[in-house]
Amino acid sequence: MIELPRTLAVFSGILSIFLAVFFHFRKPTKSRGLPLPPGPKPEFIIGNARHLPTTSPWLQYTAWRETYGAWYSGDVIHLEALGSHVVVLNSYKAMHELLDLRSIYSDRHTLEMANNLMGWGRPTFGHRYNDTWRKHRKIMRSPFQKDKIATHSRSFERSMRACLLDLLHSPEGFHEHLRLFAGRAIIMFTYGLKVDTAKDPLVEVPERGFARVINMALPGHTPLVDTFHFLKYIPSWFPGAEFKRNAKIWRKELDDMVGDPFKRVKADIAAGVAIPSLTSTCLEDTTHSEDDIMWSAGSMYIAGADTTHALLSSFVLAMATHPEVQKRAQAEIDGVVKGNALPTFEDRGNLPYIECLLKELQRWLPAVPLSIHHRLMEDDYYEGYFLPEGSIVFPNVWAITQDEAHYKDPKQFRPERFENPATAELDPYKYTFGWGRRVCAGMNFADAALYVAIVSVLAVFDIGKPLDEHGNEVEPEVTFGSGVVRYGLASEDMHSQASLGLTRTCI
Ligand code: HEM
Ligand SMILES: *[C@@H]1O[C@H](CO)[C@@H](O)[C@H](O)[C@H]1NC(C)=O
């Protein structure tokens with residue numbers, strides 16, 4: 001028995017060398033004589049494995065833009081990873097021209113571990129570009145239209161009032177309170193289910209599952225089986241095949257995460273007590289299959305809360321470090337509400353500075369700095385380069401946010417950059433929510449929830465810097481988590497900065 005792992009190692013070693021050599025010498029067939037885009041030189045067998053950044057990859061990709069930009073454009077970078085061509089796009093122009101304007105970029109790459117073994121190919125965001133995906137997007141289209149979101153705004157306002165009370169009672173728990181607000185909004189919208197604490201499994205489980213899987217999609221983070229697909233045939237009892245045992249556990253976790261709330265809605269409908277929601281409405285209309293409804297609802301539920309929460313945590317950080325912006329935003333709100341009412345959804349048109357603040361939050365610390373990859377469905381040609389079919393294309397949104405061609409002093413947090421329509425800088429809503437047919441389904445929803453949260457918090461609280469044990473202000477560090485969905489403060493830091501001061505200004 002002792003010999004088995006060694007035999008396996010030798011076997012897989014030989015096979016991987018064979019595959020790598022095959023891959024290495026396979027010449028692009030339809031390159032039209034054009035080169036692949038520039039990038040770090042792939043090494044024999046392992047490709048760019050040693051060049052792939054392991055943390056915050058968007059920073060390295062942005063730096064490569066400079067490196068290769070000296071001789072080439074740097075807007076399009078090529079790597080070899082995952083046994084495939086990986087293309088990183090580093091400018092708004094390249095992302096817009098390829099991902100928005102050419103539909104052949106609408107597919108997603110199937111990751112062996114995440115999509116196949118763990119079953120994350122079933123939620124909308126992991127889907128191939130096929131008929132099931134089209135059905136999902138159809139289910140989401142009408143409920144997410146702007147006017148529909150407006151009718152839902154009362155529910156955001158109600159959730160926010162509960163959140164304000166939580167903030168008042170325990171300001172040091174703001175991270176959890178804002179998490180609960182984001183989760184509550186999405187769970188009510190999709191399922192009509194109520195949650196009372198951030199510890200509710202409906203809130204906690206998707207957060208954990210999503211964080212795990214989404215970080216697994218980064219080159220440099222993917223499990224070995226994504227490069228050497230034959231490893232999936234190893235039986236799970238085999239020594240070293242822990243990934244297969246984990247995949248099984250995580251698959252079950254996803255099945256329950258998406259299945260349990262769906263079953264609860266069905267039971268509520270049967271009992272006649274269901275609160276109307278996207279799921280209940282779709283179930284009444286018999287044009288959709290139950291499976292499509294369940295996975296569409298599950299996708300919104302999984303994709304919606306973390307991203308919204310990430311931006312809210314960046315908001316707290318931005319306000320604590322930019323008191324002058326906070327004062328201006330509060331003055332604008334005071335001018336609109338006059339008295340002790342909270343601003344409502346209808347006040348939005350009279351709050352132009354808040355509009356700029358929302359844009360600047362999306363830009364300064366984008367929730368998804370390296371956007372979800374797209375898969376190229378046919379050979380393509382761009383700016384003198386050959387982009388082979390099957391390339392995994394990563395839109396490096398971070399590079400846009402730091403691009404001096406679009407933003408003056410990009411490191412500065414300055415909502416004013418969007419203020420004057422004649423000189424306004426590039427609108428981040430054009431790129432932080434993704435591209436083309438794959439653009440974020442919940443964009444209007446997220447934008448409305450963020451608006452309600454931000455104006456309500458600013459109307460009632462001053463956000464200050466954390467205090468040390470002697471009561472002196474501590475300058476919070478503008479650091480970011482390194483996960484794909486990124487928080488203004490990594491949650492570990494949040495807890496150590498628990499005193500981030502929220503002071504009550506009015507009722
Ligand atoms: C600040 C909040 C949010 C941000 C920054 C964000 C960003 C994104 C991005 C970058 C993508 C990938 C787009 C692409 O492939 O080009 C995406 C996809 C998606 N988002 Fe969001 N999102 C947010 C909130 C939400 C919410 C609230 C929901 C649902 C209620 C949602 C549902 C989805 C779905 C279903 C997809 C998959 C689309 C597809 O693959 O066809 N998102 N989002
Ligand atoms: C579409 O792709 C997904 C995998 O992403 C698969 O589960 C589904 O069966 C496919 N649907 C069709 C109609 O081919």
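Sheet, helix packing and ligand shells

Reader: Over how many bridges do S3 and strand S6 (residues 392-395) pair?
Author: In this predicted model, S3 and S6 run in the antiparallel sense. His 374 stands opposite Val 393 in S6, and Arg 375 stands opposite Ile 392 in S6. The number of bridges that pair S3 with S6 is two.

Reader: In what order do the four strands of the open sheet stand?
Author: The pairing in this sheet is mixed. S2 and S6 are parallel, whereas S1 and S2 run antiparallel. The order is S1-S2-S6-S3.

Reader: Why is one side of some strands left without a neighbour in the sheet, and which strands are they?
Author: Strands of a sheet pair through backbone hydrogen bonds, in either the parallel or the antiparallel sense. A strand at the edge of this sheet has a single partner strand, so one of its sides has no neighbour there. The strands at the edges are S1 (76-81) and S3 (374-375).

Reader: Which residue in the turn of the hairpin formed by S1 and S2 has a positive phi?
Author: S1 and S2 are joined by six bridges, and Ile 77 stands opposite Val 88 in S2. Two residues lie between the strands of the hairpin. The residue in the turn with a positive phi, of about 55 degrees, is Leu 82.

Reader: Which residue in S6 is the bridge partner of Val 87?
Author: S2 and S6 pair in the parallel sense over four bridges. Leu 89 stands opposite Pro 395 in S6. For Val 87, the bridge partner in S6 is Val 393.

Reader: Are Ile 392, Val 393, Phe 394 and Pro 395 of S6 buried or exposed?
Author: Ile 392 and Phe 394 point one way from S6, while Val 393 and Pro 395 point the other way.

Reader: At about what angle does helix H3 (residues 92-100) run to S2?
Author: S2 is mostly covered, with five of its six residues buried. H3 lies across S1, S2, S3 and S6. Relative to S2, H3 runs at about 125 degrees.

Reader: How far apart are the axes of helix H6 (residues 146-169) and H15?
Author: H6 and H15 pack at an angle of about 35 degrees, in a right-handed crossing. Residues of H6 in the contact include Ile 149, Phe 156 and Met 160, and those of H15 include Phe 445, Ala 449 and Val 452. By class, the residues of this contact are ten nonpolar, three polar and two charged. The axes of H6 and H15 are apart by 9 Å.

Reader: At roughly what angle do the axes of helix H13 (residues 352-364) and helix H15 (residues 443-460) cross?
Author: The axes of H13 and H15 come within 11 Å, and the crossing is right-handed. Ile 354, Leu 357 and Leu 358 of H13 make the contact with Leu 450, Tyr 451, Ile 454 and Val 455 of H15. The contact has seven nonpolar residues, with no polar and no charged ones. The angle at which the axes cross is roughly 115 degrees.

Reader: Which element gives the most to the shell around ligand 1?
Author: Of the 26 residues around ligand 1, those that come nearest are Gly 304, Thr 307, Gly 434, Cys 440 and Gly 442. Two elements give two or more residues to this shell, namely helix H11 (290-321) and H15. With seven residues, the element that gives the most is H11.

Reader: How many nonpolar residues are in the shell around ligand 1?
Author: The shell around ligand 1 has nine polar and two charged residues. The count of nonpolar residues in this shell is 15.

Reader: How many charged residues does the shell around ligand 2 have?
Author: Ligand 2 is surrounded by Gly 121, Arg 122, His 127, Arg 128, Asn 130, Asp 131 and Thr 132. No residue of this shell is nonpolar, and four are polar. The number of charged residues is three.

Reader: What share of the contacts in the protein chain with a separation of 6 or more comes from residues 24 or more positions apart?
Author: The protein chain has 16 helices and eight strands. Buried residues make up 43% of its 507 residues. Of the contacts with a separation of 6 or more, residues 24 or more positions apart account for 74%.

Technical notes:
Residues numbered from 1 in each chain as written. Chains lettered and ligands numbered in written order. Predicted model: local features only at pLDDT ≥ 70, side-chain atom pairs only at ≥ 80, totals over all residues. Near = placed C-beta within 6 Å. Nonpolar A, V, L, I, M, F, W, Y, C, P; charged D, E, K, R; others polar. Axes fitted to C-alpha atoms, helices over the stretch in contact; angles between N-to-C directions. Left-handed = near helix turned anticlockwise from the far one by under 90°. Contact = placed C-beta atoms within 7 Å. Pairing = 2+ DSSP bridges. Buried ≥ 20, exposed ≤ 12 C-beta atoms within 10 Å, placed from the backbone.
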